[in-house]
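Here is a short report on what lies inside this protein. Look at the model first, then read on.

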Amino acid sequence: MQSVTLIIDKRLELSTKYKKLLESDSNHVIVSKDLITSIKLIQDKEPDLIIISDSFDNELSDFCKQVRALTYNMRPVIVALSKSADFNDRIKVLESGADDFLSEPVNIEEFKVRMSAHLRREFESNLDTKQLLPNKNYTMRAIKRKLSDNSNWAALYISIENFESYKEAYTQLASDKLLQTYCAIIQASLNENDYLGEISENTFLIITDTIKAERLASFLTFAFDSVASKFYAEHDLDRGYMIMQGDEFAGRRANFVHSTISIVTNEFTKYKDTAQVLNNLVQIHKMADLSNKSN
C-alpha cells in the first residue's frame with residue numbers, strides 16, 4: 001500500500017514543488033489549499049505524514065494542536081514548515097504537537113531525506129514484530145483509504161482455524177513457523193499493488209483487484225493444505241487429529257489446522273465505513289468455514 005502524505009499549503013508554486021519532490025510509487029501526495037478541506041482529507045485518508053506550512057492566517061502552533069487533536073487515534077507524523085527561524089517559534093510549534101520543524105527556504109535534499117525517514121519510521125512503527133506485517137490499525141486505515149477512492153477492489157479475510165489448539169499441542173515456536181510459512185506463501189502470490197496486513201495473530205487481510213480475488217483465494221487454500229501436513233508429527237498424521245497437552249485440555253482431541261477465506265468486493269455493494277466491510281467479511285467467513293479442510 002502506498003503511504004499518503006498531505007501537504008497543507010495555500011501557496012501554489014511551493015506546494016507543487018514539494019508534491020513533486022515527494023510523489024513516488026510508494027507515496028501518494030495530496031495538496032490542500034484551505035483548512036476546511038484539509039480536515040475532511042485527514043478524516044477520509046488518514047495520512048501517514050502531514051506537512052503544514054505557515055502560509056495561513058492561523059497561528060501555526062494552534063493549527064498543529066487542532067490537527068493533533070483530530071488525529072489522536074491514528075497518530076500521523078506532523079511536520080511544520082515556517083518562514084521563521086526563531087528558536088522560540090520552533091519550540092512553540094513542537095510543543096503544540098508537531099514532530100519536526102523546518103525553516104524555509106528548505107534544502108531540497110534534506111527535505112526529501114527527512115520526509116522519507118519520517119514515512120519509514122511511521123510504517124515500521126505499525127509493523128507486527130513476528131510477521132513484519134502491518135498491524136490491525138494500519139490495516140483498517142488501508143480499507144478506509146480504499147473506501148474513499150473510486151476504483152474497484154476486493155478484500156480477502158484469511159484465517160488459520162484451530163490455530164490455538166495447534167499452538168497448545170506443538171508449542172509457540174512451531175506455531176510461529178506455521179504462520180511464517182503461510183505468510184510467505186501469501187506474499188509470494190501478491191504483486192506490488194496488493195496490500196497484506198494483520199487483523200490478529202492468525203488472521204490476515206488482503207486488498208486486491210476484483211478480477212483475481214477468487215482465483216487467489218482458491219490458490220491459497222490449496223497451498224495451505226499442501227504444506228500443512230509438514231507441521232505435524234507422524235503419529236498425529238496416522239491418527240488424523242491432534243492430542244491436546246497441558247493440565248486443562250490434556251488428552252482432548254483437536255482437528256488439524258485449515259485456512260478459511262471470505263471475500264467481499266465493492267462491485268455491487270457500496271460500503272459506508274470500515275466496520276461494515278469487516279462485519280460483512282466476518283459473516284461470510286462463518287459461512288465458508290468447514291470443520292476439517294480449507295475453503
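## The cavity lining

The lining of the largest cavity has 5 nonpolar, 2 polar and 1 charged residues. Ala, Val, Leu, Ile, Met, Phe, Trp, Tyr, Cys and Pro count as nonpolar, Asp, Glu, Lys and Arg as charged, and the others, Gly among them, as polar. The lining residues are Leu35, Ile52, Ser53, Asp54, Phe56, Asn58, Leu60 and Phe63. Strand E3 (49-53) and helix H3 (60-70) each give two or more residues to this lining. Helices (H or I, at least four residues) and strands (E, at least two) are DSSP runs, numbered from the N terminus.

## Basis of the model

This is a predicted model: local features need pLDDT of at least 70, side-chain atom pairs count only at pLDDT 80 or more, and totals for chains, interfaces and linings use all residues. Residues are numbered from 1 along each chain as its sequence is written, and side-chain values use heavy atoms, with hydrogens and water left out.

## Nonpolar cores

The largest nonpolar core has 35 residues. Such a core is a set of buried (under 20% relative accessible area, 1.4 Å probe, protein chains only) Ala, Val, Leu, Ile, Met, Phe, Trp, Tyr and Cys residues joined through side-chain atoms within 4.5 Å. Ile158, Tyr166, Ile186, Ile206 and Leu220 have the most contacts inside it. At least two residues each come from strand E6 (154-161), helix H7 (163-188), strand E8 (203-208) and helix H8 (213-228). H7 supplies the largest share, 11 residues.

Methods: 1 Å grid on protein atoms, 1.4 Å probe; cavity = no way out; pocket = protein on both sides within 12 Å on 5 of 7 lines; lining within 4 Å. Buried < 20%, exposed > 50% of the residue type's maximum accessible area, 1.4 Å probe, protein only.
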